[in-house]
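User: Could you walk me through this structure, one question at a time?

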Amino acid sequence: MKLPRKTSAVLLALCLTLPSADLLLSPANANVPLVVPAGNRLKIQPTIPTASATRTKAFNRTYEKKFQRILTVLKRESRLIRNIKKVATLYNIDPVHILGAIVGEHTYNYDSLDSAQGYYMKALQYARIPISFQYDGEKVWSFVERPQFNNCRREETSNSRWRCYELIWNTKFMGRRVGGIRYPREPFHRAFFRPMFAGQSFGLGQITPLTALKMNDMVNSISGLPRLSSKDASGLYKTVMDPNKSIHYTAAVLRDAINAYKQVANVDISENPGITSTLYNLGNPWERAISYRNKRRIRPAHLPRENYYGWLINERIEELRAILQ
């Protein structure tokens with residue numbers, strides 16, 4: 001889920017400074033959602049980021065080899081597939097959306113382990129490591145108690161609250177000197193949520209700790225899993241590394257993206273796994289829904305387009321569906 005820093009700040013500011021009524025505004029005379037049909041809008045796969053190509057080359061792999069490897073893992077994990085179907089039903093989405101997110105991450109951003117059990121074993125290892133979410137000795141849960149974040153703490157959901165924290169970080173702290181401390185010109189999740197690891201996302205669905213905290217309320221209310229806490233980094237890592245738990249957060253991210261586009265732009269993307277996978281890869285679905293809505297006001301028939309990640313999912317959708325049989 002990668003986003004240029006300036007773009008992230010602008011999108012977050014646009015979304016979070018709009019009144020709630022505007023967020024829920026649908027295009028004029030468009031009471032029935034525009035359904036995005038299955039399949040790719042683009043004939044050729046968009047350019048794959050250099051960072052992904054570099055990682056893949058460094059391990060002497062190809063995208064096709066990585067794609068086939070994660071498919072092989074999923075094909076022999078019948079219990080996991082049954083759980084994916086069950087979770088998809090809870091979140092009212094086609095299970096192929098969950099597979100799309102998982103396969104995309106392991107094709108472009110991460111090499112899969114040999115089994116789901118491997119992820120669970122890693123989860124146990126993470127749970128034994130004394131870690132915390134902090135920057136320069138200040139814990140994130142203490143950091144967001146600063147007065148700059150007062151309005152954020154009034155937000156009713158974990159999603160809107162942590163998105164607000166991101167906005168304040170981007171506009172008040174990132175790359176600035178505040179209270180004698182020079183804060184890095186890095187996104188919020190990189191500054192506070194990678195205490196001792198090279199990467200920022202983990203587990204079968206490559207969930208970031210910040211994303212898990214955003215989805216906290218939805219997962220708790222729909223799946224009944226215990227709430228995560230920014231004060232318990234080890235417990236959070238254990239959860240997102242456990243395949244049978246992390247897929248609840250993957251499903252929540254996908255459900256949130258579908259909700260965002262329907263509420264903000266009156267567009268139904270639930271029939272196009274390539275679009276939901278694209279948003280899973282890029283992040284910030286509510287901000288992107290606003291940007292798309294504004295384009296659609298000028299061009300009402302304009303449909304959202306897949307990126308390189310989502311393009312692959314639509315192109316190979318039958319192979320993914322075969323796993324669910």
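Here is a friendly set of questions and answers about this predicted model.

User: Which residues touch the most other members of the largest nonpolar core?
Analyst: Happy to start there. The largest nonpolar core has 86 residues. Helix H14 (residues 243-265) gives the most to this core, with 12 residues. The members that touch the most others are Ile 98, Phe 143, Trp 169, Phe 188 and Phe 193.

User: Which residues does Phe 193 touch, not counting residues up to four places away in sequence?
Analyst: Phe 193 is one of the core members that touch the most others. Leaving out residues up to four places away in sequence, Phe 193 touches Phe 133, Val 140, Trp 162, Phe 188, Pro 209, Leu 210, Leu 213 and Tyr 237.

User: At what angle do H14 and helix H16 pack?
Analyst: H16 spans residues 285-298, and its axis is 9 Å apart from that of H14. H14 passes H16 in a right-handed crossing. The packing angle is about 35 degrees.

User: How do the residues of the contact of H14 with H16 divide into nonpolar, polar and charged?
Analyst: On the H14 side, the contact includes Asp 256, Ala 257, Tyr 261 and Val 264. From H16 come residues including Trp 286, Ile 290, Tyr 292 and Arg 296. The division is 10 nonpolar, 2 polar and 4 charged.

User: Is Arg 297 buried, exposed or partly exposed?
Analyst: Arg 297 is placed in helix H16. Its C-alpha atom is separated by 9.3 Å from that of Ala 265, 32 residues apart along the chain. Buried means under 20% relative accessible area and exposed means over 50%. Because the relative accessible area of Arg 297 is 43%, Arg 297 is partly exposed.

User: How many of the residues of H9 are buried?
Analyst: Helix H9 (residues 158-173) reaches 21 Å from its first C-alpha to its last, close to the 22 Å expected. H9 is followed by Gly 175, whose phi is positive, near 75 degrees. H9 is mostly covered, and its buried residues number 13 of 16.

User: Is Leu 213 buried or exposed?
Analyst: Leu 213 lies in helix H11 (residues 209-214). Beyond its neighbours within four places in sequence, Leu 213 is in contact with residues including Trp 162, Phe 193, Leu 228 and Leu 236. Its C-alpha is also 9.5 Å from that of Tyr 249, 36 residues apart in sequence. Because its relative accessible area is 2%, Leu 213 is buried.

User: With which residues is Lys 214 in contact, leaving aside its neighbours within four places in sequence?
Analyst: Lys 214 also has its place in helix H11. Its relative accessible area is 14%, so Lys 214 is buried. Leaving aside neighbours within four places in sequence, Lys 214 is in contact with Ser 158, Asn 159, Trp 162, Arg 163 and Glu 166.

User: Does Asn 92 count as buried or exposed?
Analyst: Asn 92 lies in the loop between helix H5 (78-90) and helix H6 (95-108). Although Asn 92 is not a glycine, its phi is positive, about 55 degrees. Because its relative accessibility is 64%, Asn 92 counts as exposed.

User: And does Gln 206 count as buried or exposed?
Analyst: Gln 206 is found in the loop between helix H10 (188-192) and H11. Its phi is near 50 degrees, a positive value in a residue other than glycine. At 5% relative accessibility, Gln 206 counts as buried.

Definitions and conventions
Residues are numbered from 1 along each chain as its sequence is written. This is a predicted model: local features need pLDDT of at least 70, side-chain atom pairs count only at pLDDT 80 or more; totals for chains, interfaces and linings use all residues. Side-chain values use heavy atoms; hydrogens and water are left out. A nonpolar core is a set of buried Ala, Val, Leu, Ile, Met, Phe, Trp, Tyr and Cys residues joined through side-chain atoms within 4.5 Å. Buried means under 20% relative accessible area, exposed over 50%, partly exposed in between (1.4 Å probe, protein chains only). Helices (H or I, at least four residues) and strands (E, at least two) are DSSP runs, numbered from the N terminus. Contact means heavy atoms within 4.5 Å. Axes are lines fitted to C-alpha atoms, for helices over the stretch in contact, and angles run from 0 to 180 degrees between N-to-C directions. A crossing is left-handed if the near helix is turned anticlockwise from the far one by less than a right angle, and right-handed if clockwise. Ala, Val, Leu, Ile, Met, Phe, Trp, Tyr, Cys and Pro count as nonpolar, Asp, Glu, Lys and Arg as charged, and the others, Gly among them, as polar. The expected span of a helix is 1.5 Å times one less than its number of residues.
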